[in-house]
Amino acid sequence: MELLKLNQKSAFTPTTIPLPSSKSESNRVLIIDALTEGQNTIENLAEARDTQTMIRLLQTNPPVYDVLDAGTTMRFLTAYAAVTNQNKVMTGTARMCQRPIGILVDALREIGAEIHYMNVEGYPPLAVHGLSEQTKSAVKIRGDVSSQYISAMLMIAPILPKGLEIELEGKVGSRTYIEMTLELMAKFGINYTWEKNTIKVENQAYQPTQFMVESDWSGASYWFSLLACADSGQLFLKGLKENSLQGDSKVVEIMSKLGVKSSFQKDGVLLEKIPVEGLEEFDFTHCPDLAQTVAVTCAIIGQNSKFTGLESLRIKETDRIYALQQELAKFNAELKEIEPEVFQVIPSVTMPHEVKIHTYDDHRMAMAFMPLLTKTQVLIEDPDVVNKSYPSFWKHCQLAGIDLSNHES
Ligand SMILES: O=C(O)C1=C[C@@H](OP(=O)(O)O)[C@@H](O)[C@H](O)C1
Ligand SMILES: C=C(OP(=O)(O)O)C(=O)O
């Protein structure tokens with residue numbers, strides 16, 4: 001077992017963290033680019049494995065699209081393969097084949113795509129046989145499982161001869177990601193309407209565009225957390241904008257209550273340590289990728305808090321609720337379900353001299369627990385797991401002055 005040892009450190013001198021680019025923005029513009037007739041200029045695509053996998057699959061066009069563990073790549077490429085009328089097998093890691101896709105497959109079948117399950121009904125692997133004729137121009141999609149199904153359908157909508165009307169059914173989670181999809185489509189010349197629960201996109205052409213991918217706010221969240229947990233310090237996060245397309249920019253507001261002040265500058269944001277105001281209730285419905293960061297922060301800084309909107313965490317890279325519960329317990333903190341789907345973070349009161357974090361094939365488990373090094377020595381199992389979204393994460397930790405080394409198990 002590969003282990004990374006992070007030595008305890010609680011003060012940070014001002015440092016600039018370059019940050020990776022957003023994989024969510026990158027994976028959307030890559031699909032839009034593939035659907036555009038004409039030349040786009042896209043700058044700053046993400047180094048994330050999820051994005052590099054998408055680039056490789058689009059460029060090499062193999063008969064089997066193996067997306068590894070990338071949810072957006074699986075969902076977006078399934079819709080892309082259908083609308084471009086291709087025969088493709090869609091597959092991924094064992095975990096990817098346990099992440100549901102039935103809602104997207106149903107929607108694609110409704111508009112005329114031919115798709116078969118190759119193993120278990122509702123889950124990858126899939127055999128996509130394209131969409132030769134659009135049979136319907138309106139679909140209903142439930143919004144409470146994954147917004148990625150809706151984003152996937154929206155991006156192919158302008159290409160469909162009859163356009164597409166999507167009625168969102170029930171509670172809509174990760175709404176900010178649907179907004180990101182539509183705002184990006186608009187930047188590439190697409191008109192749409194979104195009234196109440198119905199989004200409508202007519203048949204129209206994407207326009208060649210110049211686009212620069214922003215830095216990744218989900219990746220930025222770990223640096224906010226580090227400062228929230230530290231005794232003192234300042235960090236400058238490069239390439240973030242105040243008016244972001246990414247819903248995870250909500251971390252600014254959340255962390256302002258947990259001891260981090262953000263000041264936007266021309267080319268990024270300056271983080272400074274301030275007194276904790278305390279916020280007792282957090283709803284992660286629209287920013288699920290921030291939940292682990294904030295849970296660990298609250299557990300470390302002694303902030304007893306209530307968490308809701310965690311439902312989708314169970315079907316991500318791992319069951320993130322279970323994973324958090326197991327790993328928080330290692331330093332005597334808890335994520336306790338106090339009523340159905342309502343959780344309480346009960347902070348740590350005694351800290352062991354060393355904590356070994358298991359990462360469950362989930363990049364966010366490794367990164368979210370890094371700030372624990374402000375209180376004790378930390379060992380991270382399988383540190384390369386960060387490559388999914390943030391391959392330079394440990395290098396950036398070193399830039400921040402963190403002493404880390406490989407450790408024999
Ligand atoms: O569309 C996207 O880029 C994403 C949407 C979210 O997933 P869900 O919609 O499944 O919550 C998020 O968790 C994921 O990391 C990226
Ligand atoms: C859930 C995530 O990604 P995906 O669903 O695209 O695999 C994530 O990056 O935290």
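**Notes on the predicted chain**

1. Let's start with the inside: of the 409 residues in the protein chain, 49% are buried. Keep in mind that this is a predicted model.

2. Now the overall build. You'll find twelve helices and 22 strands in the protein chain. Its radius of gyration is 21 Å, close to the 22 Å that the globule rule gives for 409 residues, so the chain is as compact as a globular protein of that length.

3. What about contacts along the sequence? Count those with a separation of 6 or more, and 73% of them come from residues 24 or more positions apart.

4. Next, a helix pair to look at. Two packed helices are described by the angle between their axes and the distance between the axes. Helix 5 (residues 147–156) and helix 6 (residues 175–187) have axes that come within 9 Å and cross at roughly 15°. Angles under 35 degrees count as roughly parallel, so helix 5 is roughly parallel to helix 6. The crossing is right-handed.

5. Which residues of helix 5 and helix 6 make the contact? From helix 5 come Ser147, Ile150, Ser151, Leu154 and Met155, and from helix 6 come Arg175, Tyr177, Ile178, Thr181, Leu182 and Met185. Sorted by class, that gives seven nonpolar, three polar and one charged residues.

6. Finally, find Glu133 in the loop between strand 7 (126–128) and strand 8 (138–142). Is Glu133 buried or exposed? With 8 other C-beta atoms within 10 Å, Glu133 is exposed, because the cut-off for exposed is 12 or fewer. Glu133 and Ile111 are 22 residues apart in sequence, and their C-alpha atoms are 8.3 Å apart in space.

Terms used: Residues numbered from 1 in each chain as written. Chains lettered and ligands numbered in written order. Predicted model: local features only at pLDDT ≥ 70, side-chain atom pairs only at ≥ 80, totals over all residues. Axes fitted to C-alpha atoms, helices over the stretch in contact; angles between N-to-C directions. Helix = DSSP H or I, 4+ residues; strand = E, 2+ residues; numbered from the N terminus. Parallel < 35°, antiparallel > 145°, perpendicular 65-115°, else oblique. Left-handed = near helix turned anticlockwise from the far one by under 90°. Contact = placed C-beta atoms within 7 Å. Nonpolar A, V, L, I, M, F, W, Y, C, P; charged D, E, K, R; others polar. Buried ≥ 20, exposed ≤ 12 C-beta atoms within 10 Å, placed from the backbone. Rg over C-alpha atoms; globule rule 2.2 N^0.38 Å.
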